[in-house]
Amino acid sequence: MTSKNKIPSSAKCVFKGKIFEVWQWEQKMYDGSVEIFERIKRPNTGQVIAVVGDKILVQTEEQPDQQQPFPSIPGGRCNENENPLDAAKRELLEETGYVSKDWGLWKEVDPVSKIEWTISTYIARNCTFEKAPNIDAGEKINTRLVDFEEFMEIATEDPLFWSPEIVLDLLRLCLEPKKKEEFRKLLFG
């Protein structure tokens, strides 16, 4: 997917941090005047709803810059020149020790209009445990398996759930039993 929030080719990078870059360009206004516009750029994100048997893998995560633990699904930012699917596979293995050979893209979102950034959410079916997690120094992660209804409850009712870009879709599924059942079948086959 190409971000709908693309930075124009005429833009210049005015700041480059570890994660974020700030880009500026001259933008012609409707009255003919010119203003400076800005957009932030950051690496894309790959994340995964991981299915193990008839359960879904969820995490309780802590990070040093967050005030309290939060529920999440495995995922993280793409490394340089890494596509979102490879990032999601890497993050699943690093954070949980699980792997899968059955992957499908579920959703891609550009969550913020002033940021060039796409979040790709995949479904990984038939996940199996391969090895102990290799968690980053800035993370504490506890992984557990929950059933479908508990996953939906965590994702739609816990305000700290770390992937808000999928919450609206999951809430809509809760309102439409037929579509919710289709989603359940998409996850579990």
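Reply:
**A residue in β4 and what lies around it**

Ile-49 counts as buried, because its relative accessibility is 0%. Buried means under 20% relative accessible area, exposed means over 50%, and partly exposed lies in between (1.4 Å probe, protein chains only). The model is predicted: local features need pLDDT of at least 70 and side-chain atom pairs count only at pLDDT 80 or more, while totals for chains, interfaces and linings use all residues. Residues are numbered from 1 along each chain as its sequence is written, and side-chain values use heavy atoms, with hydrogens and water left out.

Ile-49 sits in strand β4. Helices (H or I, at least four residues) and strands (E, at least two) are DSSP runs, numbered from the N terminus. Beyond its neighbours within four places in sequence, Ile-49 is in contact (heavy atoms within 4.5 Å) with Ile-56, Ile-73, Trp-106, Thr-121, Tyr-122, Ile-123, Ala-124, Phe-151, Phe-183 and Leu-187. Gly-75 is 26 residues away from Ile-49 in sequence, with 9.2 Å between their C-alpha atoms.

Helix α3 also packs on β4. Its buried residues are Glu-165, Ile-166, Val-167, Asp-169, Leu-170 and Leu-173. They pack against β4 (45–52), β9 (102–109), β11 (119–125), α2 (148–157) and α4 (177–188).

Now the open sheet. It has four strands in the order β1-β2-β3-β10, with mixed pairing. β1 (12–16) and β10 stand at the edges with a single partner strand each, so one side of each has no neighbour in the sheet. Strands count as paired if DSSP finds at least two bridges between them. β1 and β2 run antiparallel, joined by four bridges. Phe-15 stands opposite Val-22 in β2. β2 (21–28) and β3 (34–41) are antiparallel too, over eight bridges. There, Gln-24 has Glu-38 of β3 as its bridge partner. Five residues lie between the strands of this hairpin, and Gly-32 takes a positive phi near 95°. β3 pairs with β10 (115–116) in the parallel sense, over two bridges. Ile-40 stands opposite Ile-115 in β10.

A salt bridge is a side-chain nitrogen of Lys or Arg within 4 Å of a carboxyl oxygen of Asp or Glu. Lys-6 and Glu-116 form one, at 3.6 Å from N to O. Lys-6 lies in the segment before β1 and Glu-116 in β10, so the pair ties together parts 110 residues apart in sequence. Glu-116 also forms a salt bridge with Lys-41, with the closest N and O atoms 3.8 Å apart. Lys-41 is in β3, so this pair ties together parts 75 residues apart in sequence. Glu-116 is buried, at 9% relative accessible area. Lys-6 is partly exposed at 48%, and Lys-41 is partly exposed at 32%.
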